Structures are given as structure tokens and as C-alpha cells.
Amino acid sequence: MTKKLLIVDDEAEICEFLKSFFEDRDFKVATAHNGAAALEQVARFEPEVVLLDIQMPGMDGLQTLKKIKDNHPKVKVIMVTAVETQEKIEEAMRLGADNYITKPLSLEYLEKDVQDKIDLLAKGT
Amino acid sequence: MPKNADLLTARKFDYQEVLRDVARSMVRLKRPDRLVKLITRFIDRQFGLSHTALLVLDPKKECYVFVNSKGSKRLPMGLVKFDTNHPIVQWFSGSQKKLPIQKDYLFLSDVKKMLSRAEFRMASNSKGDQLLAIQRSMQNLKVELLVPGYFKDTLVGLLMLGRRVNGRCFTTQEVTFFQTLAHDCSMAVKTAEHNQNLIEQNRELERRLQEIERMRSKEQKTYYEIMRSLAEEVHAKEPYIFGHVSEVERLGMMTAREMGIDLSGNTKDLLSAALILHDVGKIGIPDNILCKPGQLTQEEWRVMKTHVEKGARILEPLTDFKRVREIIMAHHEQFDGTGYPRGLKGDEISIEARIIAVVDSFHAIVSSRCYREGRSLDLAIQEVRNCSGTQFDPVVVDAFLRALKKELLKKGEVPGVLKEYSVS
């Protein structure tokens, strides 16, 4: 089964680094630099997991999260952000985020968490 | 061939020279982030690497974060961290004491070699797991060489070097050079951290000092207010002259102004406090003496005179009022040296005390006391003039009477005795 991951971050360097990291682990990876592009990619690329930044120009990560979850409830969304306030975390969880990882992050943890989400999907949960 | 050799020599650089430059920059640059940038950029240019990165211990977050990265395959800042239990951190933290400094670095190729040996021996132990994790992590970051920097046995920084673009290996000399740089970076980061802590501690101390000063001044103010009401209390014992304190203050300030005394800054407050508090020591004089209707005996006078020292003592806790205490101590000294308690004369008595002596006596004469009725303004003025040069400073007496005349002129009731005083 192909593992498909969408990385959404307004910083191109971060997208490129994570893309290369996950491609080395046999993921098919797409990237997007803003909310609108992310929604488009979710529809077209049909990823299992989305890594979603919060602070982005235009539609922010939380609004994007809501739209993804409204239209594609099966897609797992992991918030990956430098924003670490209780309100943001709670709001993300309320909107259905599947995890909330703050930057800087441990690559080992990120990899494990993405794999966990893939495994959950495989089990049909 | 010789031409090629020349080219090679030209490409080489003087390591010592570079290290001296770095050391100089360290001293010059207060901000270590600039030095760190300088070092990574330098390495990137000189050695032609795919990328260089520096990982530094963040003591607040208890993890290692990337502070800089250079090169075509550079790492994004602020994305990746190493927790203190990360296998690479563990490797250098644990092995640091065991390994001699010459070996204190790690090539990806060496990790691979060690792993193949471990596999060869079928050793499935924690060391093998650790090496595997290290290999994965180095491959994730596309790092060929790791060089640690320590500060007092703590792993502070980790220099990460990518693949050499021309495919050549690093020489021992180059690795030693990297070790020195990694060490310098760690030192710079630690020093800056230390400086920052000192600055913060300093700020905190200053804040506390200000707080203490604020509390102290508040306390002094409270004490002053208590003293003021005590001073009122002393005179309230004699109900006829309620308001003596504020009247003496008014007359005293008026005289000082007439004399042209500079009342800017806290001089005014000190004089005003001395005028208000001059008799506060009377609180310690028994009522039968203080309010005795009639002449005091010699013994009673002795007790009465102690109000000067008593007043000074009461004010001791007011450290801001040292000067006020001295004034109060001297307000019964006389210009000719016949006063008490010390028999000071002329300029030995402070100007404030000389002013109090005049206005206090004057107001005492015009006020009713428990032992007699208040006397006329004429008589009081006459009395003050009679004592000018003996009990009182003539300059003060002149100024006081001039000021008094000005005031009475406004009311249109100048007594004849004041005629000779010219009012400008």
C-alpha cells in the first residue's frame, strides 16, 4: 500500500526537508505552502496524513484544518507548529486534529506518529 | 606537476591563522549567534560541503536545537530538535570521558563499520541498537561527520558536516580544526548565556532595590506623618494655641524666602519638617511641667530643656531627616552662645535653627499659654528686636520683621514699631 503524505508549511525549506525525509521512508509526498493549495491537494492527491502548519498567510492552519475535516473526515491531520498556546491546542483538538506537535520537533517522534496514523487507517479506525 | 603542487598549496590555508581570527571574533562579538554564523559560513566556503549545521544545547527547553545551517542541503532552522536522550547526544555524553580527544568525533563511515562488525558477531545488544539509531539519524540529516563541543563536561554544541562536494575525505588535521571550532562555538554560546543570566540577575536586583527603596520611603513617610500628628498633639495640650505648629511653619518659610534662601530641591521640605517638628520632644515632658501655670523651678527647667534632645531622639528612625534632627537639636541655641544644650554661637548654629528661634519665640509671645495671656503684636515685635544680636541672629530678625511688615501692609494694619523697616 502506498503511503501518501501532504506537507503544508509556508516555509519552502521545511517542506523540502520533510519531503526528502519521508520519501527516504517510501512515502509519496506532496507539499503546499498555504491553506488554499492544501485543500486542493487534499482533494487531488488524496493523502492519508497531512502535516499542517498553523501560522500561514491567508487562510491559517486552523481554518484549513476545519475545512479538511469537514470535507475529508478520514484524513488524519497532525498540526506541526511553533505556536504553543493552550487555546490553540484546544481549538485544534476541538476541530478534530489528530495530534499537535510543536517545533522544534524530534524527527524520530514525527516519523513514529505519522506511521501510527497510517497503521490506524489500515486497521480502519 | 609543479604547477599543480603550487595550486594545491595556494588552496591550503593557515589553520592557526583562522583559529586566531575566530578567537578574536569571539572577544569582539557580544552576540554568539553572529560568531556561530561566521563559523558555519566559513566552513561551508572553505571545505565545499553539501551543508554545515550547528546544534546547541538550549538549557531552558532541555534539548538541542539547530542554531545555524549553511550550504545547498542546509537544514531548516527551528524545525528539528534532539532531546537529551537522542542516541547521538547519548553517544557523545556517555563516551566523552572514555574517548581520547583525538577520537572525539564520529564519521558515518565509522558507524557503518562498527555496525558491520556488530552484525558480523551477531551481537544484538543495546550498543548495536544505538549505533543503528545514530546511523539513521545521520542519514536523515545527510551528515557525514559529527564533532562535539563541550563546556565543563557537558555536551553544549554539535557541529554537523555534510558530504564533501568533491568526494574527498577529511584529513586528521581538518578534523582537529573542526574540533577546535566546535569547542569555540560552545564556549561562545555558554559565555553569552552566562552574560545574559548576569544581565537578568542584575535587573532583578535593581528591581528589588527599587522596591526596598520604595518601601523604605513609604515607611519614612508614615513615620513622618505620625511625628507630625505628635507635634500637633504637643500643642493640643494647650488648647489656646491650637495651630501653633502650622503658624510657626508659615512664619519660618516666610522669613527664609525673605532672606533669599534657596528653597529648591528638598531644602524646603527639610526646613518645613524642622519648623513643624521642632517641639516634638515636648511629648516626653510631663504635663505638670509643660502646662504649669506659673514659674518653673530650677529642676523643672532642667527637665523642660531636655525636650530638645528628646525630639532629636524621636526622629532617629527617620534616616532621611538627619539634617532635621540637627536643626531641632539647635533651635534653643542663642546667637551669643548662651543657649542650650551645647552653647553654640553665631554661624555654629544652622541658619534653619536660627530662623526657628525667632519665629517660635515671636509666636509664643503673641499666643496665650497656660501660664499667661497672649500679648500684643507690638510687644512681641519689640521683644524680638530687643533680643536681636543676643538671643537672635540680627539678619534673621531683620528679614522676619520685613516679611511681617509686608504681610501686615496687605491687611493695612502696620504697627508703628515696624515703620523703620523698608519694604522693597
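**Chain A, overall**

I started with burial in chain A. Buried residues make up 38% of its 125 residues. I note that this is a predicted model. Next I listed the secondary structure of chain A: 5 helices and 5 strands. Along the sequence they follow the pattern β-α-β-α-β-α-β-α-β-α. I then looked at contacts in chain A with a separation of 6 or more. Of these, 58% join residues 24 or more positions apart.

**Chain A, H2 and H3**

I looked up how helix H2 (residues 35-45) and helix H3 (residues 61-71) of chain A sit together. Their axes come within 10 Å and cross at roughly 20°. An angle under 35 degrees counts as roughly parallel, so H2(A) and H3(A) are roughly parallel to each other. The crossing of H2(A) past H3(A) is right-handed. I wrote down the residues that touch. H2(A) gives A:Gly35, A:Ala38, A:Leu39 and A:Val42, while H3(A) gives A:Gln63, A:Thr64, A:Lys67 and A:Ile68. By class, this contact holds 4 nonpolar, 3 polar and 1 charged residue.

**Where A meets B**

I checked the contact between the chains. Chain B puts in 9 residues and chain A puts in 11 residues. The chain B side divides into 5 nonpolar, 2 polar and 2 charged.

**Chain B, H14**

I moved to H14 of chain B, residues 351-366. H14(B) has 16 residues and reaches 23 Å from first C-alpha to last, close to the 22 Å expected at 1.5 Å a residue. Which residues of H14(B) are buried? I found B:Glu352, B:Ala353, B:Arg354, B:Ile355, B:Ile356, B:Ala357, B:Val358, B:Val359, B:Phe362 and B:His363. The list includes the charged residues B:Glu352 and B:Arg354. What covers the buried residues of H14(B) includes H8 (244-258), H9 (267-277), H13, H15 (377-386) and H16 of chain B.

**Chain B, H14 against H16**

H14(B) and H16(B), the latter residues 394-411, pack at an angle of about 50° with axes 10 Å apart. The two helices are therefore oblique to each other. H14(B) passes H16(B) in a right-handed crossing. On the H14(B) side I noted B:Arg354, B:Ile355, B:Val358 and B:Val359, and on the H16(B) side B:Val396, B:Val397 and B:Phe400. This contact divides into 6 nonpolar, no polar and 1 charged. B:Arg354 is the charged one. I kept a reminder on helix geometry: with 3.6 residues a turn, residues three or four places apart point the same way.

I looked up B:Leu315. Where is B:Leu315 placed? It is in the loop between H12 (307-314) and H13 (322-329) of chain B. Is B:Leu315 buried or exposed? B:Leu315 has 24 other C-beta atoms within 10 Å, and 20 or more is the mark for buried, so B:Leu315 is buried. Beyond four places in sequence, its contacts are B:Met227, B:Leu277, B:Phe321, B:Val324, B:Arg325 and B:Ile328. B:Ile328 lies 13 residues from B:Leu315 along the chain, with their C-alpha atoms separated by 9.6 Å.

I then looked up B:Met114, which is in helix H5 (residues 108-120) of chain B. With 16 other C-beta atoms within 10 Å, B:Met114 is partly exposed. B:Met114 and B:Leu132 are 18 residues apart in sequence, and C-alpha to C-alpha they are 9.8 Å apart in space.

Terms used. Residues are numbered from 1 along each chain as its sequence is written. Chains are lettered from A and ligands numbered from 1 in the order in which they are written. This is a predicted model: local features need pLDDT of at least 70, side-chain atom pairs count only at pLDDT 80 or more; totals for chains, interfaces and linings use all residues. Axes are lines fitted to C-alpha atoms, for helices over the stretch in contact, and angles run from 0 to 180 degrees between N-to-C directions. Helices (H or I, at least four residues) and strands (E, at least two) are DSSP runs, numbered from the N terminus. Angles under 35 degrees count as roughly parallel, over 145 as roughly antiparallel, 65 to 115 as roughly perpendicular and the rest as oblique. A crossing is left-handed if the near helix is turned anticlockwise from the far one by less than a right angle, and right-handed if clockwise. Two residues are in contact if their C-beta atoms, placed from the backbone, lie within 7 Å. A residue is buried if 20 or more other C-beta atoms lie within 10 Å of its own, exposed if 12 or fewer, and partly exposed in between; C-beta atoms are placed from the backbone. The expected span of a helix is 1.5 Å times one less than its number of residues.
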